[in-house]
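Have a look at the picture first, then read on.

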Amino acid sequence: MADATQTPEVIARSFVPEGAAIPQTPENFQNQDAANILRQKLEAAGEDPLAALKPVEGRKPLDVDLDTQLKRRFGTEGTPLSTEEQTRLDSAKTLGDTAKALAENGFESLTDTQKDALIDSLITDVLDKRPAFDDLDPDEKDAIAIDMLQNPAYEKKVGEILAGRLKPEEVIEVSQKLAEAQGGFDEAAQALGNKQREAHTALVDRFAVEGQLDEFKPATAAGTKGAKLDELETLRVDEPVNRADIDNGINDLKSRGKTDTDINTMKTQVAEKIARGEPITDPDEMMVSDVLDIQKDIDRIGELEIEHADLETERQRLNQRLRDLPNEITELRNTRDEKETQLVDARNQKMLQEQGVVEGMKRATSDAANEFLADEIQKRAAEYQNQLKEMLDQTKDADEQRLIKGMQSRWDRAEIKGDRIRFTIKKGAVNTDMRTLLVGDGPEAILKEMLMKDVTDPQEKARIEERIKTDKDFVKKYADKIASSVLTKKIQSGRLYEGEIRVMVDRDWGESAINQAIANDAKKRELIEKVYGSDSGSPSYVDRIKRKAGSNWLKFLMLFLVGGVAAGAITTKFVAQEGGR
Amino acid sequence: MDLTEEHKREVERKLVEVIIDALGKNLISVGDKDTISAFILERMRNVKDHEELISFLRELSSKWAIFSPLLVTESGEVKAKSEDQAVDKVQSLTQEGKIDEAINMAKTAVDNTQV
């Protein structure tokens, strides 16, 4: 029964049985994750438990207007987006939102769907592409991916990459170019259409002219004479008679005292009366009316001749147009096709840009992971170089100096980039030395080669041989350093198999080299001590893992060595679970 | 009453564990966690002795009841320690013959340790 002095909330909670099922909602899963992360932080916080509650330093809202910048890259201000374009924009938005939320609020703030997508992406696009992680199980890769996703330095890198890909000052030309290409194509298509319509009209006109010309055709075996030719020929036959009749009429009028001027005036007046439909009753006017009628037949000859000639001219003009138009149409069609190609190119460019934006949003997290890992390896290379420099500063021994200087450049290539020196691992040299270690004469052979390099004086050669034979401490110190260096570089640069570690452990120098490789790496060391405790009774890390991890010790040693590349990516919880296998 | 660094760290650890427990049981949300964390970080650094610790825990519990059990526990410890110290002091005063002072001390101690 609940104590009466307890608060109502505590009493209420006392009714909840242990392990009672709570409805699982997305928010609940988020709470569970936050609880797990907080527990890990508390375990890591050591003497300052409240450090677990502190917000991650450097986490702040990104100065990126994701929505605006994505729309700008998809050209939403112009024509409405097609379904495919909208789908791509939605996809970019979803991916960008996830990356932004990760950078601004951390992995724990994401939904389960977002978390799963990011973990999958990091495994597929980063871990699976690095040989160093080849031998890890899916659960192990999950643990490494999650660890990286929770790393503040990684979050910061995601934010930087996202901001770099959505710069507001970046000029986006593809939408403008597409609009121009669309305009060019529309104009060319319009011109072609107009020309095709012109050709059609010319053809129709040509057909009509041919029909009209048929009226002037002489009779053939296939058809009758054209009506207008028939009319013209009749009028021509009648013309002399008609002209004589007109002369007679005019002469009659003159005989009745009419002058040429009178007759012309009468012609006008009679024509007007006829036009008005007034009756003609005066004999002189009736004579003029007859003259006018006969004159019409004569004038009709000229009209028909002109009509025939005009039709012939029009036929020739149309024939010429119909000969020219196909070329003009072909030229315009070529222009239209060219503009269509430009339009398709512009559309493809826009599509590629949009796919690039989607890919850029998708890869923001995996690219950040690759950079993060590269930086981590870089940091370790720089640390290694610093160690060598310290060793060099501390010794006056010429042989030691020679060996250290040799090690400075044997496995690392220094490049000056801006005001920084970047180191890249010489994979070929590392692989060669790894073969010497595993199947050759071991680290002493490499040590001897380094000391003998460029030495030609027989006495000096003899001295070196003698020292290698007699100065066991010197040989052991540098053989171990060489072996651990090769091992470290091999881990950092590529594939490492369990079998190789097994062979190494079997060599007299192997365990020492592995221990030194771990001892030189603060994160590996810290991780092992966190999992197995600081065991003063067993200074050998290999020995400690052998004793505490049981039959799977080799696997665990492998995890510690490879996991170190991912910045101590194997979590305590994960390793603890693995220990129970 | 003095608050040792060790005990303060222990309380701080318990505060974080209460939050973890509450998140795990969905009694608070991630947003609540951030608010509570900010409150604890701001106020806990000013806590110098047991009285301030209890005062802080009382305020914290009034805002978020999940901390009530911790308040109850801490108050009990403070009460026990205060009582022990008061008993020592009262005995000492009695031995010195300062009876009135011993009685007043005993009364004050009882009043102060009531939650």
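Predicted model: local features only at pLDDT ≥ 70, side-chain atom pairs only at ≥ 80, totals over all residues.

Setting aside neighbours within four places in sequence, A:Leu81 makes contact with A:Phe74, A:Thr76, A:Gln86 and A:Leu89.

Now let us step back to the chains themselves. Chain A has 22 helices and two strands. It is made of 581 residues, of which 29% count as buried. Looking at contacts in chain A with a separation of 6 or more, 72% come from residues 24 or more positions apart.

Chain B has five helices and zero strands, and its pattern along the sequence reads α-α-α-α-α. Of its 115 residues, 23% are buried. Among the contacts in chain B between residues at least 6 apart in sequence, 54% link residues at least 24 apart.

Two packed helices are described by the angle between their axes and the distance between the axes.

| Helix pair | Angle between axes | Distance between axes | Handedness of crossing |
|---|---|---|---|
| H9(A) and H11(A) | roughly 150° | within 8 Å | left-handed |
| H5(A) and H11(A) | about 50° | 9 Å | right-handed |

Take H9(A) with H11(A) to begin with. Helix H9 covers residues 227–255 of chain A and helix H11 covers residues 283–394. Their crossing angle is roughly 150°, and H9(A) and H11(A) are therefore roughly antiparallel to each other. H9(A) passes H11(A) in a left-handed crossing. By class, the residues of this contact are eleven nonpolar, three polar and twelve charged.

Helix H5 (residues 112–125) of chain A also packs with H11(A), at an angle of about 50°. That angle makes H5(A) oblique to H11(A). The crossing of this pair is right-handed. Which residues make the contact between H5(A) and H11(A)? From H5(A) come A:Leu118, A:Ser121, A:Leu122 and A:Asp125, while H11(A) brings A:Thr365, A:Ser366 and A:Ala369. Sorted by class, the contact of H5(A) with H11(A) has three nonpolar, three polar and one charged residues.

**The buried face of H18(A)**

Helix H18 of chain A spans residues 510–519, and its buried residues are A:Gly510, A:Ala513, A:Ile514, A:Ala517 and A:Ile518. Viewed down the axis of H18(A), these buried residues fall within an arc of 135°, so they line one face of the helix. An α-helix has 3.6 residues a turn, so residues three or four places apart point the same way.

**Where chain B meets chain A**

Back to the two chains together: 19 residues of chain B are in contact with 22 residues of chain A. On the side of chain B that touches chain A, the elements giving two or more residues are helix H1 (5–24), helix H2 (30–44) and helix H4 (68–95). H1(B) gives the most, with eight residues. The residues on this side of chain B divide into ten nonpolar, five polar and four charged.

One residue to look at here is B:Lys33, which sits in helix H2 of chain B. Is B:Lys33 buried or exposed? With 20 C-beta neighbours inside 10 Å, B:Lys33 counts as buried. Leaving out neighbours within four places in sequence, its contacts are A:Ala34 in the other chain and B:Ile19, B:Leu23 and B:Ile28 in its own. B:Lys33 and B:Val16 are 17 residues apart in sequence, and their C-alpha atoms are 9.8 Å apart in space.

**Two loop residues with positive phi**

B:Asn26 lies in the loop between H1 and H2 of chain B. Its phi is positive, about 60°, although B:Asn26 is not a glycine. B:Asn26 is partly exposed, with 18 other C-beta atoms within 10 Å.

A:Asp454 also has a positive phi, near 65°, and is a residue other than glycine. A:Asp454 is found in the loop between helix H14 (443–452) and helix H15 (458–470) of chain A. With 5 C-beta neighbours inside 10 Å, A:Asp454 counts as exposed.

Definitions and conventions:
Residues numbered from 1 in each chain as written. Chains lettered and ligands numbered in written order. Contact = placed C-beta atoms within 7 Å. Helix = DSSP H or I, 4+ residues; strand = E, 2+ residues; numbered from the N terminus. Nonpolar A, V, L, I, M, F, W, Y, C, P; charged D, E, K, R; others polar. Axes fitted to C-alpha atoms, helices over the stretch in contact; angles between N-to-C directions. Parallel < 35°, antiparallel > 145°, perpendicular 65-115°, else oblique. Left-handed = near helix turned anticlockwise from the far one by under 90°. Buried ≥ 20, exposed ≤ 12 C-beta atoms within 10 Å, placed from the backbone. Arc of directions from axis to C-beta.
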